[in-house]
Amino acid sequence: MKSQTKIHSSLRTIEWKNNTVIMIDQTKLPNKLVYVKYTNYEDVANAIRTLVVRGAPAIGVSGAFGLALAALQSKAKSKENIIKDLEKAKKILFETRPTAVNLIWGLDKIMNVAKKGKDVSDIKESMIQTAKKMAEDDIQTNMIMGKHGAKLFNNNDTIMTHCNAGALATVGYGTALGVIRATKESGKMIKVIATETRPVMQGSRLTAFELKHDGIDVSLIPDTAVGYAMTNGLVTKVIVGADRILRTGHVYNKIGTYQVATMAKQHKIPFYVAAPLSTFDLKSNSEDVIIEQRKASEVTGIAGKKTAPDDINVINPAFDMTPPELITGIITEAGVAKPPFEESIKKLFKSRL
Ligand code: MRU
């Protein structure tokens, strides 16, 4: 079931209330702040697939909420049968988007809770409580990450960011934009430059919207003006989020991140990545990572208006990979990893054991 209500409140991207998942419909931003409500997991899967909700940590928690809804929807009377229903739902939720590792992290975490449940009612209750806690933890994690990251930024910095790694990409506060928020909260004067992030425009529709909403000085540039901004001294630092980080420090993030990082290196501008430990994939190698390819219409038109000839071939990857040699530091809730990343990432995880 999907109903639409308009609620005036501060930005909380996803919430669980009265056995219902409530999300900001990000496809409507920046023109309308609309909240959608879901009571079944198929709708949540569809919301992830169609970018109603997007951003790695946000889809991790959405996956967990989706699976908790699947538990409530299940008519199973035995533990064995509810687990079967949940496995089916997990597969549907997992297949929505392949690149951000947080989705499978959220699904696995909640599935393990289900497997430990005593009986059907214990499974349902513990899944709901765990999913709600994951949402609260996400905000806390971002705030801690923000505190670590704020130390790396100076008064009067102008910080470039790409795509949206903000409150809207998480449950609240944000990863890269969380660091920007924390820097501002620490009393430093900062300005932000947001790239518009074609083809889906997360930078102009979401980052510009949420920073303006919170009174943070933001200027929007076309993606093609990154070099201009850097060569003209308009940028002192860059910070982006991540969808998946390998143990070697290779960072998968929104398409175009690699170009921004390369340009930052060329201009000796520090390039930071902010992401929670749930975004790290310590097992995979780069050849294992699937880069989501999205539909051609995102490239052949803007806001429903055709901007390319009919039947043109399109290549539309949603993410690219930035190699570690272009990265100055990776900010997490456990501290900041610095090159060589293989060692520093290992240390961050060890500190959590
Ligand atoms: O396709 P999206 O909008 O889900 O991609 C999200 C990103 O790549 C974000 O920039 C981000 O850094 C990861 S989420 C904090």
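Predicted model: local features only at pLDDT ≥ 70, side-chain atom pairs only at ≥ 80, totals over all residues.

Colleague: Is the crossing of α1 and α2 left-handed or right-handed?

Modeller: The crossing in which α1 passes α2 is left-handed.

Colleague: Which residues make that contact?

Modeller: On the α1 side they are Tyr41, Glu42, Val44 and Ile48. On the α2 side they are Ile59, Ser62, Gly63, Gly66, Leu69, Ala70 and Gln73.

Colleague: And how do they divide by class?

Modeller: The contact of α1 with α2 has six nonpolar residues, four polar residues and one charged residue.

Colleague: What about α1 and α3, at what angle do they pack?

Modeller: They pack at an angle of about 15°, and their axes are 9 Å apart. An angle under 35 degrees counts as roughly parallel, so α1 is roughly parallel to α3. The crossing of this pair is right-handed.

Colleague: Which residues of α3 meet α5?

Modeller: In α3 they are Lys79, Ile82, Ile83 and Leu86, and they meet Val120, Ile123, Lys124 and Met127 in α5. The contact of α3 with α5 comprises six nonpolar and two charged residues, with no polar ones.

Colleague: How are α3 and α5 oriented?

Modeller: Helix α3 (residues 79-94) and helix α5 (residues 120-150) pack at an angle of about 40°, with their axes 9 Å apart. That angle makes α3 oblique to α5.

Colleague: Changing topic: how many helices and strands does the whole protein have?

Modeller: The protein has eleven helices and 17 strands. Its radius of gyration is 20 Å, close to the 20 Å that the globule rule gives for 353 residues, so the protein is as compact as a globular protein of that length. Along the principal axes, the C-alpha atoms fill a box of roughly 65 × 50 × 40 Å.

Colleague: Where are the cis peptide bonds that you have listed?

Modeller: One joins arginine 198 and proline 199, with omega about 5°. Proline 199 is in the loop between β6 (190-195) and α7 (202-213). Another joins proline 339 and proline 340, with omega about -5°. Proline 340 lies in the loop between β17 (335-337) and α11 (341-350).

Colleague: What is the phi of asparagine 18?

Modeller: The phi of asparagine 18 is positive, about 45°, although this residue is not a glycine. Asparagine 18 sits in the loop between β2 (14-17) and β3 (20-24).

Colleague: Last point: what is the mean pLDDT?

Modeller: The mean pLDDT of the protein is 95, and 97% of its residues reach 70 or more. Over residues 1-9, however, the pLDDT is below 50. Beyond near neighbours in sequence, that stretch has 26 contacts in the model.

Note on methods. Residues numbered from 1 in each chain as written. Heavy atoms only, no water. pLDDT = per-residue confidence, 0-100. Contact = heavy atoms within 4.5 Å. Left-handed = near helix turned anticlockwise from the far one by under 90°. Helix = DSSP H or I, 4+ residues; strand = E, 2+ residues; numbered from the N terminus. Nonpolar A, V, L, I, M, F, W, Y, C, P; charged D, E, K, R; others polar. Axes fitted to C-alpha atoms, helices over the stretch in contact; angles between N-to-C directions. Parallel < 35°, antiparallel > 145°, perpendicular 65-115°, else oblique. Rg over C-alpha atoms; globule rule 2.2 N^0.38 Å.
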